[in-house]
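Hello,

Here is the structure I promised to pass on. Have a look at it first, and then read my notes below.

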Amino acid sequence: MTRDGLKKVLITGATSGIGEGLVDRYSKSHNVVACGRNEEKLSKLSGNNVQTLKFDMTEKAQVASAFVDIEQLDIVILNAGVCEYIDDARRFDAELFERVIHANVIATGYCIEALLPKLKPGGQLVIVSSSASFLPLPRAQAYGASKAALSYLTRVMQIELEDIDVTLVHPGFVETPLTDKNDFPMPFLVTVENACEAIFQGVESRKKEIHFPKRFTLLLKLFALLPFSLWMPLAKRIKR
Ligand SMILES: NC(=O)c1ccc[n+]([C@@H]2O[C@H](COP(=O)([O-])OP(=O)(O)OC[C@H]3O[C@@H](n4cnc5c(N)ncnc54)[C@H](OP(=O)(O)O)[C@@H]3O)[C@@H](O)[C@H]2O)c1
């Protein structure tokens, strides 16, 4: 069900974590199109101001046909993503690498191609990357590379698109099913609610970049400015 007069936002990865939190936050003031694969979770989201779309974004044909009934959108938030680590660098897992790059980068490309024509002039495209893109991190050959690619892609879209405002989101650690699997300390972990409020407010202000929590992301940005020879021993220490 949609309400007349409200802006319409489409959110991918809406069935879990940050995406689910964004559906909750946006549905208070926007019509929401919530996207994901998990049918049970999608049916729970459906209701007040929220319609749902089920598709696998790694399947180009599914993405191409998913939005036929959507006319115009004010905001598109491409948030869906996966995280897998390469545990043993000497046994590079090319299948894992392909899976992560496909889900985080190639599938985002499918969504951009299908959704850009639906965005109104003056609309907004929001892409959720990660602060992992700032620096090379242990075991993140696939995840970090995918997010660095996504940040680069988003920056180019900011240069190229004249009538669409593009926002790049660089979260630090957020407490979600994705990070529940992590077996290492996660400094400055934030709740989904806090993460989604930061994203919502930043998108409302049409910021070019949203990054949080600042005490974590600014530190990483500072390290990223230093020569790699200073970062490498630290990264090796983190690895141990
Ligand atoms: N959590 C963090 O600390 C953190 C930090 C930085 C960046 N991020 C980024 O934030 C985004 C959301 O992360 P999260 O922590 O909320 O993860 P999450 O709880 O694991 O949720 C991931 C979402 O992506 C969807 N998804 C995954 N593969 C898909 C596919 N092939 N087709 C369609 N949907 C797919 C899932 O939908 P289904 O389950 O329905 O398939 C799910 O809704 C990701 O891009 C992640 O890289 C997260």
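**What I found**

The search gives 1 cavity of 30 Å³ or more. A cavity here is a set of points, on a 1 Å grid over the protein atoms alone, where a 1.4 Å probe fits but cannot get out. Points are joined across faces, edges and corners, and a volume is the space filled by probe spheres set on the points.

A word on the ground rules: this is a predicted model, in which local features need pLDDT of at least 70 and side-chain atom pairs count only at pLDDT 80 or more, while totals for chains, interfaces and linings use all residues. Residues are numbered from 1 along each chain as its sequence is written, and side-chain values use heavy atoms, with hydrogens and water left out.

Back to the cavity. The largest cavity has a volume of about 30 Å³. Its lining residues (those with an atom within 4 Å of a point) are Thr 12, Met 57, Leu 78, Asn 79, Ala 80, Thr 108 and Cys 111. That lining has 4 nonpolar, 3 polar and no charged residues, where Ala, Val, Leu, Ile, Met, Phe, Trp, Tyr, Cys and Pro count as nonpolar, Asp, Glu, Lys and Arg as charged, and the others, Gly among them, as polar.

Next, the aromatic rings. There are 8 aromatic pairs in the whole structure; rings of Phe, Tyr and Trp (its six-membered ring) pair if their centres lie within 6.5 Å, and planes under 30 degrees apart count as stacked, over 60 as edge-to-face and the rest as tilted. Phe 173 and Phe 216 have ring centres 5.6 Å apart and planes at 35°, so this pair is tilted. The two sit 43 residues apart, with Phe 173 in the loop between β6 (165-171) and α6 (177-180) and Phe 216 in helix α8 (residues 214-225). Helices (H or I, at least four residues) and strands (E, at least two) are DSSP runs, numbered from the N terminus.

Phe 188 counts as partly exposed, at 36%. Ring pairs join Tyr 85, Phe 173, Phe 184, Phe 188 and Phe 216 into a cluster.

Best wishes

Key. 1 Å grid on protein atoms, 1.4 Å probe; cavity = no way out; pocket = protein on both sides within 12 Å on 5 of 7 lines; lining within 4 Å. Buried < 20%, exposed > 50% of the residue type's maximum accessible area, 1.4 Å probe, protein only.
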